[in-house]
Amino acid sequence: MRLLIFIWVLLALSGAGAAWYAMRPDRRLAAWLGIALAAALLAAFAATFILFGSHVDKSFVAVAGYFFNWGMAAGGAAVCVGAIIGLALALAYKG
């Protein structure tokens, strides 16, 4: 379990570092758009747990939600959190 936590934190830190490195001061609007997109993905991830957590039918939406949940739990959420942190720090300190 510690290895999985370490990998998740490593993904978050690498996402933050990549977002910091990629952020250019003349592209502030693109950075805000990236933050909004990552926040929307995290909100969709949370909503799928609430909406499809106890739903067990085999519809296309349930199967897509299942794969989305495990993909985000495995690494997508870490990258989104890292991108939000990296872009927010870059907006605050690069400029």
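Begin at the second largest pocket, where α1 gives the largest share of the lining, 4 residues. A pocket here is an open set of points on a 1 Å grid over the protein atoms alone, with protein on both sides within 12 Å along at least five of seven lines, a 1.4 Å probe being used; lining residues have an atom within 4 Å of a point. The model is predicted: local features need pLDDT of at least 70 and side-chain atom pairs count only at pLDDT 80 or more, while totals for chains, interfaces and linings use all residues. Residues are numbered from 1 along each chain as its sequence is written, and side-chain values use heavy atoms, with hydrogens and water left out.

**The pocket lining.** Select Met1, Leu4, Ile5, Ile7, Trp8, Ala73 and Ala74, the residues that line the second largest pocket. Both α1 and α3 supply at least two residues each to this lining. The space in the pocket is about 160 Å³, a volume being the space filled by probe spheres set on grid points joined across faces, edges and corners.

**The whole chain.** Next, display the protein as a cartoon. It has 3 helices and 0 strands, in the order α-α-α along the sequence; helices (H or I, at least four residues) and strands (E, at least two) are DSSP runs, numbered from the N terminus. The C-alpha trace spans about 50 × 30 × 15 Å along its principal axes. Of the contacts with a separation of 6 or more, 89% are between residues 24 or more positions apart, where contact means heavy atoms within 4.5 Å.

**Helix α1.** Select residues 2–22, which form helix α1 and include Leu10. Leu10 is partly exposed, because its relative accessible area is 47% and that class lies between buried (under 20%) and exposed (over 50%), with a 1.4 Å probe and protein chains only.

**Helix α3.** Finally, move to Asn69 in helix α3, residues 60–93. Is Asn69 buried or exposed? Asn69 is buried, with a relative accessible area of 10%. Beyond its neighbours within four places in sequence, Asn69 is in contact with Phe45, Thr48 and Phe49.
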